[in-house]
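Thank you for sending the coordinates for comment. My remarks are set out below as numbered points.

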Amino acid sequence: MDHQAQSSSQVYGLMAEFDSAQALLEAAQKVRGAGYTRTDAYSPMPIHGLAEALGMTERKVAPFVLAGGLIGCMTGYGLQFWTSVIDYPMNIGGRPFHSWVSFIPVTFELTILFAAFSAGISMIVLNGLPQPYHPVFNAKRFSTASQSSFFLAIEAADPKFDAGQTAAFLASLHPREVVSVDE
Amino acid sequence: MDVSHNTKQDPLGAVPVITPGYSYSGITDKLSALVLTHNTPAAWFAFMGVGLVLLMCLLMSLTYLLFKGVGIWGNQVPVAWAFPIINFVWWIGIGHAGTLISAILLLFKQDWRTSINRFAEAMTLFAVACAMIFPIFHTGRPWLAVYWLLPYPNVMGLWPNFRSPLIWDVFAVSTYGSVSLLFWYIGLIPDLATFRDKAEKPLIKKLYGVLAMGWRGSARHWYRYETAYLILAGLSTPLVLSVHTVVSFDFSVSNLPGWHATIFPPYFVAGAVYAGFAMVLTLAIPLRAIYKLHDFITMRHLENMAKVTLVTGLIVVYGYACELFFGWYSGSLYEREMLRLRIFDGFYPWAYPALLLCNFIVPQLLWVKKYRRNIAVLFTVAMFVNVGMWLERFVIIVTSLSSDFLTSSWASFSPTRWDFLTFAGTIGLFVTLFFLFVRVLPAISIFEMRTLLPEAATKQTPEGGSH
């Protein structure tokens, strides 16, 4: 109803564009140094140290993989033990029902299978993907973030955010340009 | 990480990994133009045409197979495992080079792998798809294959026999196929996002957009992405070694003369990488010519692949020597007789010399730098290896089965036209899938190529240290 009144709160944040990976990394360090916490950087390829420079400390993918691997290992061995020893024991070639040596290949394969899918799925889910809409795509030049350009965004939701001051601060980092991004 | 060497001329004469002069957008434009274009090269249609014709042969022979039964193939006791298992092992082996390039070379920080890993991974997937056709149709009634192959609760209360290498094979190959698909798709996500942002037609944009899942290149996303990618590489490395090991168990766990040997697992894995690198060369050389990728797939790549082919080829030859030694040293009459028949006067006296020619003699050309840098020689050697690795499986499988313990049960195997047609058909499936892939997906990893540029290197200032 009252679009006019809400228009000021519909700003997602400010976004600065940089020419190089080095410039983005240095800017990210300064943005964090200035006390901003709700920030993100966008680049067409991974840049080592950039996530740490923004203050990311989460390390959840690896524990998920460990858990997945252990579950896979137990599933593999458990499946074989239950089917060959408990549910339908059968004498095949005079081998023991619990032929643990023969159970190793399948146990190994299921360990790898579960661990690998834990790695892939936890990465996708922790990243919040699939995500059909995100405000950063409203920035006109953001389509180059997957091609050749580097961006740094400070969200309006950041406690330190102030449209005027934050824009001036971003401009002091020597970007190519600073734009306001709508929600 | 210092990446300046990727575009520099080496004083020792090594060719750079990327021809100098490319920027981020230069790489992006050039590599995405392979797909987002109106000008598909004429050669693409030619290859696709050949692929489709052969694919029709596959459909026809499989339809006839379902209609008549596996009797249309030449498989007959004692050679009950013939073309289907030869072709299965051949295709699975070819797939291994893709995983080796994408996972093992990544862990060893071999930057040059970046230009070739994407299509090598695609090759892996398609090779596994071709391989799986054989055991599934070899069951005769593939609609019942689920019941024979997978453990699921059924009305008869039976389970697969987990003491048999054949069921290990089911788990190894299906895990390998699934993990390779995952690894390949995860690798594709950032490039799909590039396509989404570069495509002009709304429908194409939407399709790539859905596949890219909203990837936006956030630093936090990249961090988790790289962690997951590295872990996947670490998991794929033992996986790929296990797959051909398990395939070799199909043979070595039995006690047939010529199969029952402990050298089989390492010898099969080396053979798989050998065959796979030959196939990567077979694909890379035409791909590079059709799409003019000389700046990205340089002589350095071709030469490195030639070197890996040579080394793994020598390991395979060492495996042949071990087989001979084991047969003689076993003191077993049957083992010694099997070797004599295999090499001199069995049913197939041409096979062993042909195998040595293809896998041992011809690849020795790769010792010479001049030949490693000659595209025609390289392609010819790769074709010899492709044929040689098929012959290797023929020799192992058919010669051992045709003459085992009792002379009364010896019999020669002769393939029928349907054996050849099915095999040619899977080559058609492979070619069709590969050229479809090249047409719609990035055949070279664009985002990883960007990381090879000198300007991608960053210096850390306060904490962390340089990478």
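This is a predicted model: local features need pLDDT of at least 70, side-chain atom pairs count only at pLDDT 80 or more; totals for chains, interfaces and linings use all residues.

1. The domain assignment divides chain A into two parts. Domain 1 comprises residues 11-58 + 134-182, and domain 2 comprises residues 61-126. The C-alpha centres of domain 1 of chain A and domain 2 of chain A are 44 Å apart.

2. Strand E2 of chain A spans residues 39-42 and is covered on both faces.

3. Which strand does E2(A) join through four bridges? The partner is strand E3 of chain A, residues 150-155, and the two run antiparallel.

4. Chain B has 16 helices and zero strands. Its radius of gyration is 24 Å, close to the 23 Å that the globule rule gives for 467 residues, so chain B is as compact as a globular protein of that length. Along the principal axes, the C-alpha atoms of chain B fill a box of roughly 75 × 55 × 50 Å.

5. Of the 467 residues of chain B, 49% count as buried. Considering contacts in chain B between residues at least 6 apart in sequence, 82% join residues at least 24 apart.

Conventions:
Residues are numbered from 1 along each chain as its sequence is written. Chains are lettered from A and ligands numbered from 1 in the order in which they are written. A residue is buried if 20 or more other C-beta atoms lie within 10 Å of its own, exposed if 12 or fewer, and partly exposed in between; C-beta atoms are placed from the backbone. Two strands pair if DSSP finds at least two bridges between them. Domain bounds come from an automatic or database domain assignment. The radius of gyration is taken over C-alpha atoms; the globule rule is 2.2 Å times the number of residues to the power 0.38. Two residues are in contact if their C-beta atoms, placed from the backbone, lie within 7 Å.
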